[in-house]
Amino acid sequence: MNRLKELRLKKGMTQVKVQIETGIDQSDYSKMENGKRFPTLEQAKVLSRLYETSLDYICGVTDEIRPYPRADRRADRTEAEAMEIRED
């Protein structure tokens, strides 16, 4: 995944710094950069936030580096939580 390396270098980060910021083991991250391992969905989400880009860009689906607008966290509420709020 050359994009990961490009994004990391663009941010001026080392692989160790990525590990500190994301919790992704440096050796795993190195394998991702070299195409020997693919990130899990959770790892890709963390990396997309760190690099301020989209999952699609990380995965090579699009060449558009700009991220999509982030979802409003309030939209993640369950129906039961929404009902409690309406009752208050």
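Contact here means heavy atoms within 4.5 Å. Helices are DSSP runs (H or I, at least four residues), numbered from the N terminus. This is a predicted model, where local features need pLDDT of at least 70, side-chain atom pairs count only at pLDDT 80 or more, and totals for chains, interfaces and linings use all residues. Residues are numbered from 1 along each chain as its sequence is written, and side-chain values use heavy atoms, with hydrogens and water left out.

Let's start with two helices. On one side of their contact are Asn2, Leu4, Lys5 and Arg8 of H1, and on the other Tyr29, Met32 and Glu33 of H3. These residues divide into three nonpolar, one polar and three charged (Ala, Val, Leu, Ile, Met, Phe, Trp, Tyr, Cys and Pro count as nonpolar, Asp, Glu, Lys and Arg as charged, and the others, Gly among them, as polar).

Now to Arg3, which forms a salt bridge with Asp63, with 2.4 Å between the closest N and O atoms (a side-chain nitrogen of Lys or Arg within 4 Å of a carboxyl oxygen of Asp or Glu). This bridge joins distant parts of the chain, 60 residues apart: Arg3 sits in helix H1, Asp63 in the loop between helix H5 (55-59) and helix H6 (79-87). Arg3 is buried at 18% relative accessible area, whereas Asp63 is exposed at 66% (buried is under 20%, exposed over 50%, partly exposed in between, with a 1.4 Å probe and protein chains only).

By the same rule, the count comes to seven salt bridges. Another of them pairs Glu21 with Lys17, at 3.1 Å between the closest N and O atoms. Both lie in helix H2, four residues apart, about one turn of the helix.
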